[in-house]
Amino acid sequence: MNVDDVCVYALKADKLKDALWRDGRFITDIFKKHCVLSEFGSKIIHAMSSPVEHLHGKHFKIIVRSDDKQPDSQEDFLSGVSAEMNEASAADLKENVDPNQHPINTKQEETQKRNTMKSTNPSTSSPEKIPDSEEILKMLRAQFKGLLETLKQRENLKNKSEIQKFFRAEYDKCVQSFLEVKKVKQLMRLSDSVCQIRVEGSARGTGFLLFDRFILTNAHVIGEFDPFTRKLSKTFTAVFGYEDLEAKETKCVPVKEHVAAYYYGKINMDAYLDFALLELKDADETADCPGLLSRYIHGSPPNRGGICIMGHPGEGVKKMDPCFIIGKEHLQEAADKHISENVNFIHVMTQQSLAEKWEMHDNQIIYNSCFFHGSSGSPVFDEDCYLIGVHTGGYVYKGENSKIRSIMEYAYSMQPILESIITQAKESERSDILKLLSEYKSLNINLEDNDVDMEEDPQNQEDFI
């Protein structure tokens, strides 16, 4: 379609030829031949090398003086054009075009598309393939449907538009945490050490191989046992590789009947413990699984940033949930947000009842997760795939159809857990445990003197997940 005129946008410092070339709607002939701009209403002629600074609002027509090259040749002209200009996409150009304008004609439009999509260096325009990405791509595609459903439940999203809006708001944060291919690969390797804890054949919670033949889970997962002999009252099994409902590749490893280390209650005014260290009968079954203690760095838990939880929520197959820590200073804000979005189901909960349930401890890591019952004992990793805690509980209430939901969830950090394990190993003279732990130099724990003042203070079971 032919038009009478078009509007060209340019910077004051531009020359005419630069402005017309960047505009992208003009055929390349005007840059090859000797052309000038003739100003309407006067006899003034502007060479293509003239600046545009004083030409605002004026009308011109392009006149071809001769078929010869312009005084400054095309080669010289093109050499002054940046690579970014040549590689500009049609979408970028569209932002500089008046919506009331139309392409000069179909032929020119096609020429424009070819020119704008073609790079001056063809080798740089080809997409670069990420090495060894095929396996990760298959994993992500296989998990997409499940992750989407998990996201909808966790964020209370009802339709596609709400999902799209969520991703538009959260995309930057997700990119900064667990979407790097190397981190996905590392998490996949570490996930081999996560197991489902079963009692008499029934799923009870989650655990993970901490070191050698010892697995860690929550104390409330194993329940009561003889406090003097530390003998379990029931038969426990650690099931590794439960990633498919058909369970073709699982390894069921029996747990020894005596608890290696255990604590459930306050250790001081500021910290709380809920862990059980269990010993496997057959270490050969887990020889290929990495002990997650190798991914621990001694220190306090983080108060911000991304985390990833891996476990067996809902007594089902192994899953992972990337989410974000809620800083201690933002807890009330996060709670108010959840309550406002679920006001129909939390109307019976007063601020006083919330305050009574929300006993916070310094060794807690708070976050919003979709992991509920069956996921207690799951390992929690930070953005660099280091083990920082054990997923333990949440602040729960009965939601729609009496389904148990949680305002927010929490983990207990690793440092006091490991210190307690060392203390108990000394008291029970478990030299085998002390020897194995001494091989982990990154623990930075004094094995000679580590007395901890402990005070039993069991917590209501309904807080746990």
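Helix H15 is followed by Glu429, whose phi is positive, near 55 degrees. The model is predicted: local features need pLDDT of at least 70, side-chain atom pairs count only at pLDDT 80 or more, and totals for chains, interfaces and linings use all residues. Residues are numbered from 1 along each chain as its sequence is written, and side-chain values use heavy atoms, with hydrogens and water left out.

**Helix H15**
- Helices are DSSP runs (H or I, at least four residues), and strands are DSSP runs too (E, at least two), numbered from the N terminus.
- Eleven of the 14 residues of H15 are buried, so the helix is largely enclosed by the rest of the structure.
- Buried means under 20% relative accessible area (1.4 Å probe, protein chains only).
- Among the buried residues are Met414, Pro416, Leu418 and Ile421.

**Nonpolar cores**
- A nonpolar core is a set of buried Ala, Val, Leu, Ile, Met, Phe, Trp, Tyr and Cys residues joined through side-chain atoms within 4.5 Å.
- The largest has 39 residues; Leu210, Phe211 and Met414 are among those with the most contacts inside it.
- H15 (residues 414-427) gives the most to this core, with six residues.
- Another core lies apart from it, with 33 residues, including Ile197 and Phe225.

**Sheet**
- Three strands form an open sheet in the order S2-S1-S3, with antiparallel pairing.
- Strands S2 (45-47) and S3 (60-66) stand at the edges with a single partner strand each, so one side of each lacks a neighbour in the sheet.
- Two strands pair if DSSP finds at least two bridges between them; S1 (residues 34-39) and S3 have six.
- Cys35 stands opposite Val64 in S3.

How values were computed. Buried < 20%, exposed > 50% of the residue type's maximum accessible area, 1.4 Å probe, protein only.
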